[in-house]
Amino acid sequence: MYKSFFKPLLDCITALLALIIFSPIFIFVLVFLLVNNNGKPFFFQQRPGKDTRIFKVIKFKTMTDKKDSNGDFLPDGKRLTSIGKFIRKTSLDELPQLINVLKGDMSIIGPRPLLPEYLPLYNETQKKRHDVKPGITGWAQVNGRNAISWSKKFELDVWYVNNISLILDIKILLKTVLKVVKSEGINAVNAVTTEKYTGNN
């Protein structure tokens, strides 16, 4: 009953309240990025959601679009702006995903939505992370986030899918607040952002 009815209802209520409460911060970051990112405050990217249905995730844009001589994007470390580092450190880049929650694409809590190119790389157990809606935060995020291996992330994601409950979601939400305050696990070890999943890590 919680998973099918109360969780979606609580998602909508929580997302709406959060947007209202954080609207001054949302607007401030929006205007700041409009000026500093050449009128492009948002980052849109296709991600697989529940049952691998593709949707566009919305985040605040923290990297430039600089490319090399071949037309390929420069490494993340060279494209991440100084303000982008701050926005990521404080997790403010995640705020626009509240819109995804209101649209029904995401949940407040669930496995993080990853890249579509990873779908063929999952084993049968890892595929279960798509049995539920992806979340803004999740069990893997409060247990290491980008500082743990891909295999460990998927293990934690599947454990969450198999153990969803109101008590667990409240626990994750509280731990998320603590992680954001402490700025723990934002980046992978020795990397600005987490490394891409290749099916071997």
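## Helix 2 and its buried side

A residue is called buried when its relative accessible area is under 20%, and exposed when that area is over 50%. In this structure, which is a predicted model, the residues F26, V29 and L33 of helix 2 are buried. Seen down the axis of the helix, the buried residues of helix 2 fall within an arc of 75°, so they line one face of the helix. The face of helix 2 that is turned away from this buried side carries the exposed residues P24, I27, F28 and V35.

Helix 2 covers residues 23–36, which makes 14 residues, and from its first C-alpha to its last it reaches 20 Å, close to the 20 Å expected at 1.5 Å a residue. What do the buried residues of helix 2 pack against? Their partners are helix 1 (2–21), strand 1 (42–48), strand 2 (54–60), helix 4 (82–89) and helix 5 (97–103). Helix 2 is followed by N38, a residue whose phi is positive, near 55°.

## Aromatic pairs

How many aromatic pairs does a search of the whole structure find? The search finds 14 of them, and one of these is formed by F5 and F6, whose rings are edge-to-face, with 5.0 Å from centre to centre and 80° between the planes.

Because Y118 lies in the loop between strand 3 (107–109) and strand 4 (135–137), while W150 lies in helix 6 (residues 150–162), the pair ties together parts that are 32 residues apart in sequence. Are these two residues buried or exposed? Y118 is buried, with a relative accessible area of 4%, and W150 is buried as well, with a relative accessible area of 5%.

Elsewhere in the model, K67 lies over the face of F73, at 5.0 Å from the ring centre.

Technical notes. Residues numbered from 1 in each chain as written. Predicted model: local features only at pLDDT ≥ 70, side-chain atom pairs only at ≥ 80, totals over all residues. Heavy atoms only, no water. Phe/Tyr/Trp six-rings, centres within 6.5 Å; stacked < 30°, edge-to-face > 60°. Helix = DSSP H or I, 4+ residues; strand = E, 2+ residues; numbered from the N terminus. Buried < 20%, exposed > 50% of the residue type's maximum accessible area, 1.4 Å probe, protein only. Lys NZ or Arg CZ within 6 Å of the ring centre and 35° of its normal. Expected span 1.5 Å × (residues − 1). Arc of directions from axis to C-beta. Contact = heavy atoms within 4.5 Å.
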